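Hi,

Here is the structure I promised to pass on to you. Please open it first, and then read my notes alongside it.

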Amino acid sequence: MLQTAISKPLLQKAAADLQNDLPFSVYKPLIQKGRDLSRRGFVYNVIVIDSERIKGKVADVTIHDVTLDLADVIGHHDCPCETEGPCSHVLALFFYVYGNVLDNGELLRQWKQAEKKPPQTVSPAPKTSTVAPAESVDEWWEQFAKALDEFAARHRRRDDWPYRLAHQLFPALVKGGPKHHAARGLYRFHAALFLFHHLIEYGKERGWHQRLFGSYGQFSWQQDVEYIADELFETLERFSSNPSASAPDPLIKQTVPYVRDLLQIADFFPSLIYDLYTAAWELLFTTEAQRWQEKEHLLRLAKEKRIPLAFLAAAHLAFLLKEDEEAFALYRVFPESAAPCFIEWTKRLITSGPPDRFASFWAKGKQELPYYLAALPEPERTKFVNEIGQLYESYAQQNNRWDEYEALLNHCFPYSANRYVQFLHRQGRYQHMIDLYLWANMTAHEMDPQFLKMLEKQDPALVLPLYHRAVIRFVEAKNRPSYRTAVRYLKKLRTCYRALKQTNEWNAYLEQLCTKTARMRAFHEELRKGKLLP
Ligand SMILES: [Zn+2]
């Protein structure tokens with residue numbers, strides 16, 4: 001009988017370990033499926049091997065022969081389904097055993113509630129939860145490292161399970177810390193930063209940046225990274241929304257190099273890290289003196305180690321300090337990576353900056369456009385010009401700067417061609433539009449007939465060159481069907497010349513064409529069929 005063969009304290013300890021290692025919110029589907037399998041009678045032939053080890057069968061699509069060790073369910077279990085970590089079958093067997101001795105309903109209630117309280121309520125509190133308040137950031141990081149070591153020692157037997165770093169190690173790191181209320185937010189920020197560094201290190205050791213899609217472990221690690229990054233962003237937001245709660249100055253000052261270290265690990269998640277770094281410099285470090293010092297520091301770092309992100313980050317600080325010229329010069333070192341940042345700044349200054357701030361930014365910035373265009377791969381240039389064009393267009397609309405907008409379109413030609421045509425169309429500058437089409441080597445044949453008709457109505461002279469080009473192209477193609485098309489465009493030409501009352505010009509043109517094509521018998525036949533020749 002299970003009730004007599006298994007000790008209650010052992011079961012209770014196993015249950016506490018499971019609750020600790022498998023937070024309900026994360027493992028809910030797994031836990032509920034295990035409980036269901038057991039409740040609905042899919043667990044059978046359960047045998048107690050010795051006082052700790054149990055085996056049994058679990059029916060779920062196929063029959064699984066499951067064993068588990070109550071002294072360490074997560075570390076020692078076996079199931080043919082080969083899921084990494086405990087599967088629903090192992091949990092089903094556990095629930096079966098537990099339910100025979102104790103109350104499964106009560107266990108589930110505890111499991112759900114455990115997360116609302118600190119995770120230590122169900123297991124003896126580790127030493128990390130009672131760290132003494134530290135007075136310097138360095139000491140905080142020593143405490144974090146100690147807590148991580150203890151955590152790793154407790155979980156060494158299991159091939160580390162990264163998902164629990166965010167859900168278990170992080171709350172343990174945050175617990176304790178300084179008593180000083182104002183410093184607690186900063187302490188939390190550092191705990192997250194410490195864990196972020198550790199996670200990146202962890203992924204690097206496994207080469208996870210080289211594979212796009214990998215194991216379950218990699219997937220959950222990635223979620224961990226995102227979870228902690230969110231935590232960092234949220235903490236930073238809180239600093240800016242509540243400046244009076246910001247930490248004492250010395251602690252903030254000590255934080256600077258820790259944030260800077262992010263730039264050194266940016267071969268993983270570079271844009272996430274860039275965003276984190278710049279967010280810290282917008283929301284946490286806000287004095288001009290700090291920003292100026294940091295910029296100088298980054299410039300040294302950038303030159304020594306050629307870290308691309310350091311150049312971009314230094315430029316970001318320069319923009320914050322309104323030293324646009326310096327910022328643009330830094331962007332020129334890596335123009336391809338800088339192009340998206342340039343778009344961001346344009347957007348930011350147009351939508352939220354004072355108008356004169358944007359005006360001075362743009363006066364210099366527009367001269368930089370050729371660098372970005374030259375650096376970007378051909379297919380991305382039009383997209384880049386479109387984004388900048390769209391932003392500037394909204395500015396031009398509000399500030400009546402259409403001349404500047406046109407200068408931009410001119411500057412970015414031919415990548416701005418579509419936008420330029422639309423602009424000229426709205427302004428009714430049809431002749432200019434035609435020039436663009438001719439520049440792009442277009443003929444009437446490539447154009448929308450409706451649009452062509454509209455232009456012809458405006459002024460038949462506009463479309464003459466487009467028809468002429470179409471005729472030449474199809475005559476030169478030298479085959480029967482192309483001659484027919486050429487004749488079609490010749491007739492349209494004739495209509496235009498007539499509308500313009502330039503019949504003499506038309507006759508002269510046709511005569512010249514006939515002379516030039518005198519040897520092309522088939523073409524002349526088509527001309528006759530089309531009644532263009534007698
Ligand atoms: Zn299984």
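Below is what I found, going from the whole chain down to single residues.

To begin with, please keep in mind that this is a predicted model. The protein chain holds 26 helices and 4 strands. Its radius of gyration is 36 Å, whereas the globule rule gives 24 Å for 534 residues, so the chain is more spread out than a compact globule. Along the principal axes, the C-alpha atoms fill a box of roughly 115 × 65 × 40 Å.

Of the 534 residues, 48% are buried. If you take the contacts between residues at least 6 apart in sequence, 63% of them join residues at least 24 apart. The accessible surface is about 27300 Å², and carbon and sulfur atoms account for 51% of that. As for charge, there are 69 positive and 65 negative charges, and their mean positions lie 8 Å apart.

With 12 residues at 1.5 Å a residue, H10 should span 16 Å, and its end C-alpha atoms are 17 Å apart, which agrees. Its buried residues are Leu 251, Ile 252, Thr 255, Val 256, Tyr 258, Val 259 and Arg 260. What do these buried residues of H10 pack against? Their partners are four helices: H6 (137-154), H8 (181-205), H11 (270-283) and H12 (288-305).

Now for some backbone details. Most residues other than glycine have a negative phi, and most peptide bonds are trans.

- Phe 269 has a positive phi, near 45°. This residue sits in the loop between H10 and H11, and it is partly exposed, with a relative accessible area of 24%.
- Asn 400, also not a glycine, has a positive phi of about 50°. It belongs to the loop between helix H18 (378-399) and H19. Asn 400 counts as exposed, at 59% relative accessibility.
- Phe 413 and Pro 414 are joined by a cis peptide bond, with omega about 5°. Pro 414 is in the loop between helix H19 (402-411) and helix H20 (417-427).

Finally, a word on Ala 363, which is in helix H16 (residues 355-365).

Conventions: Residues are numbered from 1 along each chain as its sequence is written. This is a predicted model: local features need pLDDT of at least 70, side-chain atom pairs count only at pLDDT 80 or more; totals for chains, interfaces and linings use all residues. Side-chain values use heavy atoms; hydrogens and water are left out. Helices (H or I, at least four residues) and strands (E, at least two) are DSSP runs, numbered from the N terminus. The radius of gyration is taken over C-alpha atoms; the globule rule is 2.2 Å times the number of residues to the power 0.38. Buried means under 20% relative accessible area, exposed over 50%, partly exposed in between (1.4 Å probe, protein chains only). Contact means heavy atoms within 4.5 Å. Accessible areas come from the Shrake-Rupley method with a 1.4 Å probe; for residues, only the protein chains shown count as cover. Lys and Arg count as positive and Asp and Glu as negative; His and the chain ends are not counted. The place of a charge is taken as NZ of Lys, CZ of Arg, CG of Asp or CD of Glu. The expected span of a helix is 1.5 Å times one less than its number of residues.
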